[in-house]
Amino acid sequence: MIRSGLVSEKFLNLFLLMMTCTLLLISSPSSETEAKKFQVGGKEGWLLKPSEDYNHWASKLRFQVNDTLHFKYNKGSDSVLVVKRDDYDSCNVNNPMQRMDDGDSTFKLSNSGPHYFISGNVDNCKNGEKLIVLVMAVRHKVAPPPATDLVPREVDRSTLVPVAQAPSKANSGSVNRVGVGFGVGLVMMMYLCFGAGLV
């Protein structure tokens, strides 16, 4: 009787854990979160000698696909060039993939991976007015199993075989084994829910 009640309680706890994981999966944000707009360089904007290095500024943030970068700078004396890695390294302003020069520019991060930006003024670029933004890869949300699969089915009690009662010392050992087995199962379930990155 004690063992049967213990197993039922363990099953109920496992069932509740599975339901909690399912709810976390359903309520967790998907890869299509709301896009953010980042002011490059904070309040200072895009300028020659910012108080914080642009790459240091970018390293503290998490950029995702569809976020936008807002560059605010002096029109006519500066610009922003989107370039390849080699042009970033050498401050080559002659081969940009995109040029922004209106003084108030927005760039949409349309794909994951690194994006390279330099000042259109070679001297400014060589003096640190350049930026690398690393956009995180898109994580696709794994669909949770249908809720009906998690609902316990009714069991025909007439088909159950009674468990023989063991002596009390042996019974306490079997209860410990059930507890250890349940603990291992619980750890596995937590790993599946949290450790595998589903949440």
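Student: What percentage of the 199 residues of the protein chain count as buried? And which residues form the disulfide?

Tutor: Bear in mind that this is a predicted model, where local features need pLDDT of at least 70, side-chain atom pairs count only at pLDDT 80 or more, and totals for chains, interfaces and linings use all residues. Numbering starts from 1 along each chain as its sequence is written, and side-chain values use heavy atoms, with hydrogens and water left out.

Okay, the chain: 29% of its 199 residues count as buried (under 20% relative accessible area, 1.4 Å probe, protein chains only).

Now the close-up. The structure has one disulfide (cysteine sulfurs within 2.5 Å), made by Cys-91 and Cys-125, whose sulfur atoms are 2.1 Å apart. Cys-91 sits in the loop between α3 (85-90) and β4 (98-100), while Cys-125 belongs to helix α4 (residues 122-126), so the pair ties together parts 34 residues apart in sequence. The torsion about their S-S bond is about -80°, so this disulfide is left-handed. And both partners, Cys-91 and Cys-125, are buried.

Conventions:
Helix = DSSP H or I, 4+ residues; strand = E, 2+ residues; numbered from the N terminus. Buried < 20%, exposed > 50% of the residue type's maximum accessible area, 1.4 Å probe, protein only.
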